[in-house]
Structures are given as C-alpha cells and as structure tokens.
Amino acid sequence: MDNPESRVTDEVRQTADAIGTMEIRGAATIADAAAKALRTQAEQSSAETADELRAELRAAARVLHDTRPTAVSLPNALRYVLFDADGATVEDVRASVVTSVVEFCDRLENAQTDLGRVGANRLRDGDTIMTHCHSTDVLACVEAAVEQGKDLTAIVKETRPRLQGHITARELVEMGVDVTLIVDSAARRYMNDVDHVLVGADSIAADGSVINKIGTSGLAVTARDRGTPIVCAAQTIKLHPDTLTGHTVDIEMREESEVIDPDEADEIGDITVKNPAFDVTPPRYVDAIVTERGQYPPESIVTLMRDLFGEGTTEPWVVE
Ligand SMILES: O=C(COP(=O)(O)O)[C@H](O)[C@H](O)COP(=O)(O)O
C-alpha cells in the first residue's frame, strides 16, 4: 500500500485550507465541514480493502485536524465519524462513514436548535444583549427569543483583528434586532445598558473554563464588575475531553500581519507583535453554560463531560 496521505482527496485538502485561512470558521461550522470532508474521502476513495480505506480516512482526519488547534469541535467531529468506521469490505466502511456523517450533521443542527430554546428562556422582552465575535450558538438563542416574540437590542463588539462582529451585526439585523456596533474597547462604556453578555465557545474545559475568541475574558471581568450576567452558549461538542485528564487547551497564535501591516511594523522598528486568537475565561466569571441538554453552572459541567466521554478519549485517527 502506498502512503495513505498521498490519497487524501482534493476536497479534504480544500476544506483544510479553508479552515486554516478562516474562510470556514467558528467551532460548529468547522465541525460540520470537517465531517462532510471525511464523507468525500470515503465516497471518492479507490481503496481496494477496508483497511486501506480506514488508513486513508485517518490520514484525511490528520490533515483536517492539523489546521486550527483550539476548537475541540474539530477533533470531536473527526472522532465521531471514525469511531464506527468498521466493516469487512470497502463498501461497508464507506456506508458506515456516510451514515455517521449524516447522523453527526443532524445532531449538530438539532443540538443548536435545542440549545437556542434553552438560551432564549433567559432573555426577556426588551432586553439588551452584548456580543463578542460571531457564534452560531449565541445567534440560535437570539433567534429563538425573537421567534417567541421578544424584542431585543444588541450591542455588538467588532472583535479585532478579524472583525467577526460585522458578521454578527449583519445576522442580527436580518433577525430584526436593533444593533449598535462598537469598538472592543468601548465595552465597559456601554455595559450599564446591557442585561446579558452572550458569548460562544471553542472549547469548554472540565473545570468550567470557557475558551473563546480573544477578548472574552476581559469582557467577562467587565461584566462581573458591573453585575451583568455572562452566559456562554455552547453545544456539548465544545466540551474538551482531554481536559478531564489534566491536559490544557492549545491557544492558537495567528499571523502578525492580522494585527499590523508588515511594512508598517518594519518602519516602527524593533517590535514584537503577538496575535493569540483565543483566551481562557475562568469559571468564576461565567454565570451559566447553555447547552442542548439544559443550562449548567460552569463548575458542574464536569458531570456532563463524564456522562458523555467517560474518563477520556483517544486521538481521532488512533485504531483501538
Ligand atoms: O470564537 C469564535 C470563533 O472564532 P474564529 O472566528 O477564530 O473561528 C466563536 O465564538 C466560537 O467558535 C463559537 O462559534 P459557534 O457558536 O458558531 O460554534
């Protein structure tokens, strides 16, 4: 058998590129795209044996996995799809991957809808929310509240350096929400007008820490200072199983050029530029984690994690 990596399909490589360059971004969207890419690997493979196809799928999972390190929804998605890739023939393995991917994507969609209903119950008619970055889980809560007839106003942080707040602003306007866009550093200035801060998550650690877009932790401290509740909307696919056994979550460091034009940086002189994409908000700053299974105080999320994962997991491409 030749190197399975050389048989990874163009579709998988294109999806991996799109995740790396953030054309596909946001934890839930990344998970959905990665699962669908594995399906294309299974469907297009010319493997002659079931083991050959499994080796290709593991190689494809590795290519997808090595794109962005922080959103655990990515390895969780790959693990879900590969877990059942058994079968004696190529056709069996192919069929089981297709079934797993369809099931996974349905579960993802349903989880978001269910989570949205839970989150919407926290919001009252006339409330003002503040958002950070762009989270489809957060927007599901807002959408469900709007569908319940609640009139909401939003203060949207632009979210430097990639300005995902603009996507949030656009989608909230489409829902009929009144939007005020602010620069990140104006969050404290407007906090007195806010009833709830709503953020998403790329990973949730076993101690209830929320790993989300850089700036979330500062926002949470500001919200706590003003007594404004901060809620994290996160489907259970964001729960990070490795943190059950003491691992920490990798924080992605992105290109300096997202922060400053390289020519301008050169012109300034000898400076160091750092661009961490995410930060960690300790559980004491978070009022509730809203999942499709209901809402949890961050400190008790570990019980849900043990229910879902047992004591830990393996990497998505490891054969048991
Ligand atoms: O931090 C981000 C996106 O970061 P990036 O733009 O760097 O991917 C989002 O808050 C979470 O991924 C949750 O999103 P969702 O709720 O859609 O899963």
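**Packing of helices 1 and 2 in a predicted model**

Helix 1 (residues 10-20) and helix 2 (residues 27-44) pack at an angle of about 165 degrees, and their axes lie 8 Å apart. That angle makes helix 1 roughly antiparallel to helix 2 (over 145 degrees). The crossing of helix 1 and helix 2 is left-handed, a term for a near helix turned anticlockwise from the far one by less than a right angle. E11, V12, T15 and I19 in helix 1 meet I30, A33, A37, T40, Q41 and Q44 in helix 2, where contact means heavy atoms within 4.5 Å. By class, this contact of helix 1 with helix 2 has five nonpolar, four polar and one charged residues.

The model is predicted, with local features needing pLDDT of at least 70 and side-chain atom pairs pLDDT 80 or more, while totals for chains, interfaces and linings use all residues. Residues are numbered from 1 along each chain as its sequence is written, and side-chain values use heavy atoms, leaving out hydrogens and water.

Turning to the whole protein, there are 11 helices and 10 strands. The C-alpha atoms fill a box of roughly 65 × 55 × 40 Å along the principal axes. Buried residues (under 20% relative accessible area, with a 1.4 Å probe and protein chains only) make up 53% of the 320 residues. Among contacts with a separation of 6 or more, 78% come from residues 24 or more positions apart.

S257 and A95 are 162 residues apart in sequence and 44 Å apart in space, C-alpha to C-alpha.

Methods
Axes are lines fitted to C-alpha atoms, for helices over the stretch in contact, and angles run from 0 to 180 degrees between N-to-C directions. Helices (H or I, at least four residues) and strands (E, at least two) are DSSP runs, numbered from the N terminus. Angles under 35 degrees count as roughly parallel, over 145 as roughly antiparallel, 65 to 115 as roughly perpendicular and the rest as oblique. Ala, Val, Leu, Ile, Met, Phe, Trp, Tyr, Cys and Pro count as nonpolar, Asp, Glu, Lys and Arg as charged, and the others, Gly among them, as polar. Buried means under 20% relative accessible area, exposed over 50%, partly exposed in between (1.4 Å probe, protein chains only).
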